Amino acid sequence: MVFRRLPLPLFLSLGLTILAQDAALRPKDVREMAKGGADAIPKLAALLTNPDFNIRLEAVKQISEIATQHSLDPLIQATHDSDAEIQIRATDGLVNFYLPGYLKTGFASSVRRVGTGIKGHFTDTNDQAIDPYITPRPEVISALGALARNGATPDARANAARAVGILRGKAAIPDLVQAMHSKDTAVIYESLVALQKIRDPEAASSIAFLLRDLDPKVQVAAIETTGLLLNKSALPDLVDVLNHTRDAKVRRAALTSIAMLPAGSSREIYARYIGDKDEKMRAAAAEGYARLKNPADLPMLEKAWQDEGKTSPRLSMAFAQAMLGKTELSEFSPLQLLVNTLNSAAYHGEAFPFLVELARDAAVRKSLYTPLLQGTKDEKINLARVMAGSGDKNDAPQLEKLSHDTDPDVAQEGLRALRNLQART
């Protein structure tokens, strides 16, 4: 093939024409282009290098909205943009592919331009995570991890850290650890919550330096993460925090995490707080007794349960009794109380993790088969999730039955739980 050099006037003319076309391009033209759906992605991706910020921004928005597998590479490319808003919108677009609907609730949905900067707010609810059977592409996790570490602004880094948690991106843990050395509270907090969702115990030692952080929000998150990651080596530090803090929230978090790390040396602590005036401290103490699994504590816990008037500590005391062997399902039994509470809008979030922990015992799971298949809609759905998190292959037939429930919502949850169980086992 022979290439001929264009005459200089013609070359300049073509260049000016291209520049004129780019200059004439408007965001509404990009939106019109996006009506081609997935077929338009190559054209939209080409706009990610456009010198006009508004064109790049609109391209990212439209690629995110199209949300097909072909959107991923352009969105990964957009995470390298120098503008924080484009990084944020690319981040939420990547999450949205694996968690449909996220674009409407993620941080980017609240972002707006204020002068040369951007403003937005993180929702207080941060409990979203993809199902275990879903595996994001490694390149997606790598891109988000890099943003959590080196995003253009603290908001971009915090948003990326949240995304890593939602996608359970274990490979990005080193990035989260580095992000936690930031001076920005949101970046540190979102990184800690991400570690809670990923649940890799090997990451626990990396957060010890935050257990005495001066920001209570960060300190509480670090304490909670330490307990969830089962870092027993941090027990002396948690006890020290419990004994010296003046912050009620920090004290509650410390005792709750101590209760997650069963040790005979903590018995005196549980005894000190089982009758505390703070109901959350009573609840945490009961959970500590539960995990010590000493049958000799059962009479004391039964009496405390009967005397308790608050719902939260009653649930914790029911959990403790079930952990110590009272696993029958009868009208007024502790385990039945936990199952019944799955119907409560206010307290089902407290009963659910107790049932997940109890269901690690095969005998308890068998006891739960009846409400799983014959209970209320809320009981069926939540117990399906319990089985997905704690069951083994022997429980798969029960979830298979549930996947044929007459209620389509229950049937869908049964199938989802079956997939998650199979992925885990």
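Tutor: A salt bridge here is a side-chain nitrogen of Lys or Arg within 4 Å of a carboxyl oxygen of Asp or Glu. The model is predicted.

Student: How far apart are the closest N and O atoms of R31 and E58?

Tutor: The cut-off for a salt bridge is 4 Å. R31 and E58 form one, and their closest N and O atoms are separated by 3.3 Å.

Student: Which helices hold R31 and E58, and how many residues apart in sequence are the parts they tie together?

Tutor: R31 sits in helix α2, residues 27-33. E58 sits in helix α4, residues 53-66. The pair therefore ties together parts whose separation in sequence is 27 residues.

Student: How far apart are the closest N and O atoms of D237 and R212?

Tutor: D237 is partly exposed at 28% relative accessible area. R212 is partly exposed at 44%. The two form a salt bridge, with a closest N to O distance of 3.5 Å.

Student: How many residues apart in sequence are the parts tied together by D237 and R212?

Tutor: D237 belongs to helix α12, residues 235-244. R212 belongs to the loop between α10 (185-198) and α11 (216-228). The parts they tie together are thus apart in sequence by 25 residues.

Student: What is the distance between the closest N and O atoms of K377 and D407?

Tutor: The limit for a salt bridge is 4 Å. K377 and D407 form one, with their closest N and O atoms at 3.7 Å.

Student: Where does D407 lie?

Tutor: K377 is in helix α21, and the pair ties together parts 30 residues apart in sequence. D407 is in the loop between α22 (396-402) and α23 (408-424).

Student: Which residues do salt bridges with shared partners join into one network?

Tutor: A search of the whole structure finds 27 salt bridges. Those that share partners join into one network D131, R385, E413 and R416.

Student: Which residues form a positive surface patch?

Tutor: Patch members need over 30% relative accessible area and no salt bridge. One of the members, K293, is exposed at 52%. K293 is in the loop between α15 (279-292) and α16 (298-307). The patch is formed by R168, R199, K293 and R360.

Student: Which backbone oxygen does the side chain of S390 reach?

Tutor: S390 is part of helix α21, residues 377-390. S390 has 8% relative accessibility and counts as buried. At a distance of 2.5 Å, the S390 side chain reaches the backbone oxygen of V356.

Student: Is Y102 buried or exposed?

Tutor: Y102 is in the loop between α6 (84-98) and β1 (112-114). Its relative accessibility is 3%. The cut-off for burial is under 20%, so Y102 counts as buried.

Student: How far apart in space are Y102 and L210, C-alpha to C-alpha?

Tutor: In sequence, Y102 and L210 are 108 residues apart. In space, C-alpha to C-alpha, they are separated by 30 Å.

Student: What separates the C-alpha atoms of Q62 and R157?

Tutor: Q62 is in helix α4. Q62 counts as buried, with 15% relative accessibility. Along the chain, Q62 and R157 are 95 residues apart, and their C-alpha atoms are separated by 22 Å.

Student: What is the phi of A67, in degrees?

Tutor: A67 is in the loop between α4 and α5 (72-78). A67 is partly exposed at 28% relative accessible area. A67 is not a glycine, yet its phi is positive, at about 55 degrees.

Student: Is L230 buried or exposed?

Tutor: L230 is in the loop between α11 and α12. L230 has a positive phi near 55 degrees and is a residue other than glycine. Exposed means over 50% relative accessible area. L230 has 54%, so L230 is exposed.

Student: How many helices and strands does the protein have?

Tutor: Of the 425 residues, 50% count as buried. The C-alpha atoms fill a box of roughly 95 × 55 × 40 Å along the principal axes. The secondary structure is made up of 23 helices and two strands.

How values were computed
Residues are numbered from 1 along each chain as its sequence is written. This is a predicted model: local features need pLDDT of at least 70, side-chain atom pairs count only at pLDDT 80 or more; totals for chains, interfaces and linings use all residues. Side-chain values use heavy atoms; hydrogens and water are left out. Patches are made of residues with over 30% relative accessible area and no salt bridge: like charges are joined within 9 Å, nonpolar side chains (Val, Leu, Ile, Met, Phe, Trp, Tyr) within 5 Å. Accessible areas come from the Shrake-Rupley method with a 1.4 Å probe; for residues, only the protein chains shown count as cover. Lys and Arg count as positive and Asp and Glu as negative; His and the chain ends are not counted. The place of a charge is taken as NZ of Lys, CZ of Arg, CG of Asp or CD of Glu. Helices (H or I, at least four residues) and strands (E, at least two) are DSSP runs, numbered from the N terminus. Buried means under 20% relative accessible area, exposed over 50%, partly exposed in between (1.4 Å probe, protein chains only). A polar contact is a pair of N or O atoms within 3.5 Å; within protein, one must be able to donate a hydrogen and the other to accept it, and residues adjacent in sequence count only if both atoms are side-chain atoms.
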